[in-house]
Amino acid sequence: MDLERLSPRNQIKKESWWTVLTLAYQSLGVVYGDLATSPLYVYKSTFAEDIQHSETNEEIFGVLSLIFWTLTLIPLVKYVFIVLRADDNGEGGTFALYSLLCRHARISSLPNFQLADEDLSEYKKNSGANPRNLKAPGWSLKNTLEKHKVLQNMLLVLALIGTCMVIGDGVLTPAISVFSAVSGLELSMSKEQHQYVEVPVVCAILILLFSLQHYGTHRLGFLFAPIVLAWLLCISTIGVYNIFHWNPHVYKALSPYYIYKFLKKTRKRGWMSLGGILLCITGSEAMFADLGHFTQLSIQIAFTFAVYPSLILAYMGQAAYLSKHHVLESDYRIGFYVSVPGKSTCQQAKMQLFCLALVFTSLFVCLLCTEKIRWPVLAIAILAAVVGSQAIITGTFSIIKQCTSLGCFPKVKILHTSSKMHGQIYIPEINWTLMLLCLAVTVGFRDTKHISNASGLAVITVMLVTTCLMSLVIVLCWRKSSLYALVFIFFFGTIEALYFSASLIKFLEGAWVPLALSFIFLLIMYVWHYGTVKRYEFDVQNKVSINWLLTLFGSSNLGIVRVRGIGVINTELVSGIPAIFSHFITNLPAFHQVVVFLCVKSVPVPHVKPEERFLVGRVGPKEYRLYRCIARYGYRDVHKDDVEFEQDLICSIAEFIRSDKSFDCSPDNENESGSNERLTVVAASSSNLEGVQFYEDDGSDKPEPSSSEVIMVAVEQRNPEPRIKKRVRFVLPESARIDRSAEEELSELTEAREAGMAFIMGHSYVRAKSGSSVMKKIAINFGYDFLRRNSRGPCYGLSTPHASTLEVGMVYIV
């Protein structure tokens, strides 16, 4: 027997490489769908009207050289080898970079930040340098950002601009991808017929695409990777054939000397054509944005060894074909489908492919022997375009969820379409909004020229934002010298600024669309964030002191009644008594025997481990049975909205009572009276098998807990119906020992849980102060108020019965 082959170390190594290769294969369908379909429209958009294809081939060779070096420098060098390293605990994207910066400098836009959040295991910082060392790299920049609120707002707006451009790209990418794929019909019918067929076909495919989104990526995704892989093999095979059949010397155009010749000859017209060349890197941002679904190595392998060479061969093949065809019969002149071999070249293609003896081309030999291969290529192109569109739509859903978690977008309905992959979500409101905007762009422009101008500006703006944020990451997070950041932003920023200027010059020719869409989404995000911060500041300024609470409990003349049950008061405060509690007592002089001040907050990390989910403490003396519970979630965590959240909430309080140990979080938890609230980190019951467990049954025959556990508290209550008995109990580990007072406290908590839970939520009206500026009144009284009335409430309260929900009206003057 081969013991070495069966050794655990060898098995782990093999499994690790197999996992990486599997993820690399799966990433083809999720990440690279948009990037892989760019050969459909790059040359056609570049030669639309700015430059002409002449007999000297200087234009086509110059464009090929620009495409080659753009693909090499931006996706390969910048993203694959640099930007992918700036992950936020495995997550990527614009907000991941912003979150990373917020943890290395106090510039977070979240108002309810606590020092205890820095103790989270994923709240990592670079420990290479002392942050208080005046000579440490980045200290001066960090100090400047923390002192100036204007710079913090500018950084937030910059991140929001990049995010809004990605959302705008989610509107434009499906339109241009499907439109360019369907444009292959132009070679099979007259121009008169084509203009009446193309747009309806594109709209039908788009409607079908968005209608299938509610099924989830895990149901649609099993076809994605094979489709993109077949498409890459298809375009690389056609490219290799065109190179050897039409112009084997086209490889010389890869020299940057042809860029110089191209720009020297075309001058301003060549600069304006950069907007079309830019489209060759659309979808590059997806490599970083979708990093959380895969690994850095798997994305690097897929792009370096599959996507990059296939795209280069495809563009070289098109250039080789066009170099021998200066006058084309079709009025569309230059396009991808023109270079696809037809009936007349079928036998020649077969012989050429056979002589080359390329292994992967054998998959398409059968297609090359058919009457025409343009129809099979058209079918694969449409499928690949749908895959590319699916990737950006899913990415848009994820970005909206991140913005919602970080308080930069109104709360929307988020449906998780997979029980295994947390990142696969569906947002109905965003899906149908994207569909309507996408159809409007398609019907409004009716060609790829204007759509490509719009898409190019959106893509390059996102890349510019990433470059700016990366330069800050290099200094603040990686602790590198400012010289590295300057070299990075100067080199890549110069290239991207050149493309940005070429795209912006076509403002009236379609480039205004992403700017208009981004402005609308940016306005929504900033107004929501501004209103949320002002509302939180009002809560902090008007919170009730502990002295008022002590007076309330100490006086017997006020007629305050304690009723059975648990009252959960929703608040955004992490310390102090919210004003909503005093309003509740004023209008209804009674509250529950157990009161929980619940704060569900987001922290600037992608995930919070279940064992670090809750912070629990007491409010006031122990006998008052008032607790504070802070549930912390990352911007990619799944918020529980069912009974499981209630069980975790109650178990966290029970575990806090059992452990009876706490720590002083920080002075930021001081309330107005100067007393500190001491909070303890408590794990969720689903992940803390050694802690308190919660059981609830109706008296039916169910297996009892194992003998290693002891039922410390068990209270029974008979319902009005005969023979039905409900029992709620806490089960503690056998080694757990608690004193008499803790046992009584647990018993009272159990009785309260049996009586039921009531969620007390505020129904607030936010208004600007008298004397505020006109802009503030418009933003608060109209903008924020409209968004708040049409957004959803807390996710954990959606499944709560209406009979268990109390709303307390309150007016916020901010």
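**A threonine and its surroundings**

Modeller: Threonine 46 belongs to helix 3, residues 42-46 (helices are DSSP runs of H or I with at least four residues, strands are runs of E with at least two, and both are numbered from the N terminus). This is a predicted model, in which local features need pLDDT of at least 70 and side-chain atom pairs count only at pLDDT 80 or more, while totals for chains, interfaces and linings use all residues. Residues are numbered from 1 along each chain as its sequence is written, and side-chain values use heavy atoms, with hydrogens and water left out.

The relative accessible area of threonine 46 is 0%, so this residue is buried (under 20% is buried, over 50% exposed, and in between partly exposed, with a 1.4 Å probe and protein chains only). Its side chain has a polar atom 2.7 Å from the backbone oxygen of valine 42. A polar atom of the threonine 46 side chain also lies 3.3 Å from the backbone nitrogen of isoleucine 277. Beyond its neighbours within four places in sequence, threonine 46 is in contact (heavy atoms within 4.5 Å) with Ile51, Val63, Ser273, Gly276 and Ile277.

Another threonine can be described in the same terms. Threonine 237 sits in helix 10, residues 224-246, and counts as buried at 4% relative accessibility. The side chain of threonine 237 reaches the backbone oxygen of leucine 233 at 2.5 Å. Serine 310 is 73 residues from threonine 237 along the chain, yet their C-alpha atoms are separated by 8.5 Å.

Of its 814 residues, 55% count as buried. Among contacts with a separation of 6 or more, 82% join residues 24 or more positions apart.

Helix 7 covers residues 149-182, which is 34 residues, and spans 50 Å from its first C-alpha to its last, close to the 50 Å expected at 1.5 Å a residue. Helix 7 bends by about 30° at leucine 172, with proline 174 following within four residues (the bend is the angle between axes fitted to the seven residues ending at a position and the seven starting there).

The structure holds 15 aromatic pairs (rings of Phe, Tyr and Trp, the last by its six-membered ring, with centres within 6.5 Å; planes under 30 degrees apart are stacked, over 60 edge-to-face, the rest tilted). Phenylalanine 303 and tyrosine 308 form a tilted pair, at 5.9 Å centre to centre and 45° between the planes, and both residues are buried. The pair of phenylalanine 445 and tryptophan 512 is edge-to-face, because the centres are 6.4 Å apart and the planes are at 75°. Phenylalanine 445 lies in helix 19 (residues 428-445) and tryptophan 512 in helix 22 (residues 512-541), so this pair ties together parts 67 residues apart in sequence. Phenylalanine 445 is buried at 18% relative accessibility, whereas tryptophan 512 is partly exposed at 39%. Phe61, Tyr257, Tyr258 and Tyr260 form one aromatic cluster.

Two arginines complete the account. Arginine 85 lies over the face of tryptophan 478, 4.7 Å from the ring centre. Arginine 103 has its charged end over the ring of tyrosine 123, 5.6 Å from the centre (the criterion is NZ of Lys or CZ of Arg within 6 Å of the ring centre and within 35 degrees of the ring normal).

Methods. A polar contact is a pair of N or O atoms within 3.5 Å; within protein, one must be able to donate a hydrogen and the other to accept it, and residues adjacent in sequence count only if both atoms are side-chain atoms. The expected span of a helix is 1.5 Å times one less than its number of residues.
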